[in-house]
Amino acid sequence: MAKYYDVHPDNPQPRTIGQIADSIRADALVAYPTDSCYALGCRLGSRDGIDRIRAIRKLDDRHHFTLVCQDFAQLGQFVRIDNDVFRAIKASTPGSYTFILPATREVPRMLQHPKKKTVGVRIPDHVVTQALLAELGEPLLSSTLLLPGQDEPMTQGWEIKDELDHVLDAVVDSGECGTEPTTVVDFSGGEAEIVRRGAGDTSRFE
């Protein structure tokens, strides 16, 4: 049964955020709100968490997981970025974008695309997510909470607990949450390639 955390959207309670972070460190799989929509998240090196996300979403090993980072300094530890790409990404973060980039050695092999050796990264513009990332001190391994056969991601904490209570360890609810997945931009080839049009404005990459 998933534990339900009710978090204030503007002033997240430090004690509650600490409890959620502790559960993630102990290998919990959580559903949490972002500036785009709800995501599934676990500890960076959690093999069990990855397997559970794949099972819930029915994903194959070519799926790009996303490292949700607190800031640009943290993001830079996990992906290789040249100067032109750096400027383009810097101008778009924090925000509702996921960028696919070549992974550094800091990224566990199990998270990388098997052929391209790439990984997704993003910096969310969401108070609760940022508080959780600050408490954790490392990125959250994440994937959009979009269930098989559904066209739209789930956006209500109570609805997620109701449907996924048996497969999650925790649900974080802060009321406000985006309803559209991130825009995904692949920079791994040097040029911007829009993989998915979502909440982030694509015009700056076209």
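Helix axes are taken here as lines fitted to C-alpha atoms over the stretch in contact, and the angles between N-to-C directions run from 0 to 180 degrees. Helices (H or I, at least four residues) and strands (E, at least two) are DSSP runs numbered from the N terminus. The structure is a predicted model, in which local features need pLDDT of at least 70 and side-chain atom pairs count only at pLDDT 80 or more, whereas totals for chains, interfaces and linings use all residues. Residues are numbered from 1 along each chain as its sequence is written, and side-chain values use heavy atoms, with hydrogens and water left out.

Two packed helices are described by the angle between their axes and the distance between the axes. Helix α1 (residues 14-25) packs against helix α5 (residues 127-136) at an angle of about 60 degrees, and their axes are 9 Å apart. This makes α1 oblique to α5, given that angles under 35 degrees count as roughly parallel, over 145 as roughly antiparallel, 65 to 115 as roughly perpendicular and the rest as oblique. The crossing of α1 and α5 is right-handed, a term used if the near helix is turned clockwise from the far one by less than a right angle, and left-handed if anticlockwise. On the α1 side, Ile17, Gly18, Ile20, Ala21, Ile24 and Arg25 meet Val128, Ala131, Leu132, Glu135 and Leu136 of α5, where contact means heavy atoms within 4.5 Å. By class, this contact of α1 with α5 has 8 nonpolar, 1 polar and 2 charged residues; Ala, Val, Leu, Ile, Met, Phe, Trp, Tyr, Cys and Pro count as nonpolar, Asp, Glu, Lys and Arg as charged, and the others, Gly among them, as polar.

In helix α2 (residues 47-57), Gly49, Ile50, Ile53, Arg54, Ile56 and Arg57 are buried, that is, under 20% relative accessible area, with exposed meaning over 50% and partly exposed in between (1.4 Å probe, protein chains only). These residues cover an arc of only 165 degrees around the axis, which puts them on the same side of α2; the arc is that of the directions from the helix axis to the C-beta atoms. Their cover includes β3 (39-42) and β7 (140-144). Ser143, found in strand β7, is buried with a relative accessible area of 5%, and, not counting residues up to four places away in sequence, Ser143 touches Ala39, Leu40, Ile53, Arg57, Leu59, His63 and Phe65.

In helix α6 (residues 157-164), the buried residues are Gly157, Ile160, Lys161 and Leu164. They cover an arc of only 100 degrees around the axis, which puts them on the same side of α6. Strands β1, β2 and β8 (170-173) are among the elements covering the buried residues of α6, while the face turned away from the buried side carries the exposed residues Trp158 and Asp162.

Most residues other than glycine have a negative phi, and most peptide bonds are trans. Asp27, in the loop between α1 and β2 (30-32), has a positive phi of about 80 degrees and counts as partly exposed at 27% relative accessibility. Lys117, in the loop between β5 and β6 (118-122), has a positive phi of about 55 degrees and is partly exposed at 35% relative accessibility. The peptide bond from Thr93 to Pro94 is cis, with omega near -5 degrees, and Pro94 lies in the loop between α4 (83-90) and β5 (97-102).
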